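This report looks at how two parts of a protein chain meet. The sequence and model come first, then the details.

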Amino acid sequence: MPSTVLIGAQWGDEGKGKVTDLIAREYDYVVRYQGGNNAGHTVIHGDKKLALHLMPSGVMYEHAVPVIGNGVVVDPGVLIKEMAMLEAEGISCKNLKISCDAHVIMPYHKDFDGADEKRLGENKIGTTKRGIGPCYQDKVARKGIRIQDLLDEKIFRLKLEAVLSQKNPILEKIYGLHTYTVEEICEEYLPYARILKPYMAETAQLLNEAVRAGKSILFEGAQGTLLDIDHGTYPYVTSSSCCAGGAATGTGVGPTVIDRVLGIQKAYVTRVGEGPFPTEQRFPEDGGEGEEAEVGELLCKVGHEFGVTTGRKRRCGWFDAVIARYAAEVNGLTDVALTKLDVLSAFDTIKVCTAYECEGKVYDYFPMQQSVLFHAKPVYEELPGWKGVDITECRTFEELPENAQRYVEYLEKITGVPVSIIAVGPDRDQTIMRGWDR
């Protein structure tokens, strides 16, 4: 059976939650393969919208097995609260499987995350301060604590003692922060282990057995391509592999299993946190004036652009075909789900960035140098809009106003990737399935 990687093709917040929720019912396993509770997406349950941060969207369907892969970093307290929230809504978590090799976010990780951001000042990355980056740092430095370590109290204590002998002096002497004892952390984390033990599994083995049995898998990415630790706008990125390749390393399933890569793109672009954003339409508080400020505010207001995890106001801008082409290449996109097309109904004309200009040179590809990206000026193509036309009731491509159809076709042409799903509203049924056939 075919398996699909679903990834964000911009800077995250592209509407992956809705699309995952929409198509997850078609798959036997739905797997998170990277990131942690710094990610957030919204799914629909009856008439309620639920915010998930760690739990794969497959939990919404009784037949599907939701899996948290080895590439995810897990805050057990957050996960347990999320499970309780879902159970209270009548959604069972009994099928959940958590990789024994996933790393655990510890209290000191959160302390370091916040302290580092404060120390960087104006050069801050814009993290969620959830401890994600420091946890991945310990993983790479081979100082991390994994889910499986929680199952053996003796091993957990030994590892904690070794780690705290290094962390406490830094917390105290450099940052002036609270230090930790082994007993203090054990008191909090060992009860977590007892709750989560029934869900822990050798998930790489589980998933490979599923492949051999002919089951289908949806690999659910978090964040977005331009936040990837290797391929994003470094250093203003997350700490994990958000691209399609991360699905293999983050789960232990070979890349030859994957036969489809669905990229999620907004009909415009948003970004949370710091870093370059060539098509940004700055808000007045960020120095935007005139049309720029009006466009930014309108995109934010109509699109309800506030972070699921942080509540932060998202930076907004016009669609960027340069990063869309780049995302298509580094992920090997087979098709695209275009979200929030209805938001553009607020505009007379719509701009699309086709290239960048910097110091007299035009780039129609993603520039190698960070300094170029920071100073890049977008080269725009302006297209007629369909202002005032409500498209939220459209269910076929042909029902869209002609200019909306032309806009979608233009994006397909300029990015080289077909659009198979179009979201025309936030609800699950406000979707046009155009070529999606698993």
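## A salt bridge at Asp21

Aspartate 21 and arginine 428 form a salt bridge, with their closest N and O atoms 2.9 Å apart; the term requires a side-chain nitrogen of Lys or Arg within 4 Å of a carboxyl oxygen of Asp or Glu. Across the interface of domain 1 and domain 3, the rule finds three salt bridges.

The model is predicted: local features need pLDDT of at least 70, side-chain atom pairs count only at pLDDT 80 or more, and totals for chains, interfaces and linings use all residues. Residues are numbered from 1 along each chain as its sequence is written, and side-chain values use heavy atoms, leaving out hydrogens and water.

## Helix 1

Asp21 is one of the buried residues of helix 1, where buried means under 20% relative accessible area (1.4 Å probe, protein chains only). Helix 1 spans residues 16-23, and eight of its eight residues are buried. Helices are DSSP runs of H or I with at least four residues, numbered from the N terminus.

## Domain 1 against domain 3

The domain assignment, automatic or from a database, gives 1-98 + 199-262 as domain 1 and 264-431 as domain 3. In contact (heavy atoms within 4.5 Å) are 42 residues of domain 1 and 42 residues of domain 3.

The area buried between these domains is about 3,200 Å², 59% of it from carbon and sulfur atoms; this is the accessible area (1.4 Å probe) lost on putting the two parts together, summed over both. In domain 1, Gln10, Trp11 and Lys18 lose the most area to domain 3, together 22% of what that side buries.

Key. Buried < 20%, exposed > 50% of the residue type's maximum accessible area, 1.4 Å probe, protein only. Helix = DSSP H or I, 4+ residues; strand = E, 2+ residues; numbered from the N terminus.
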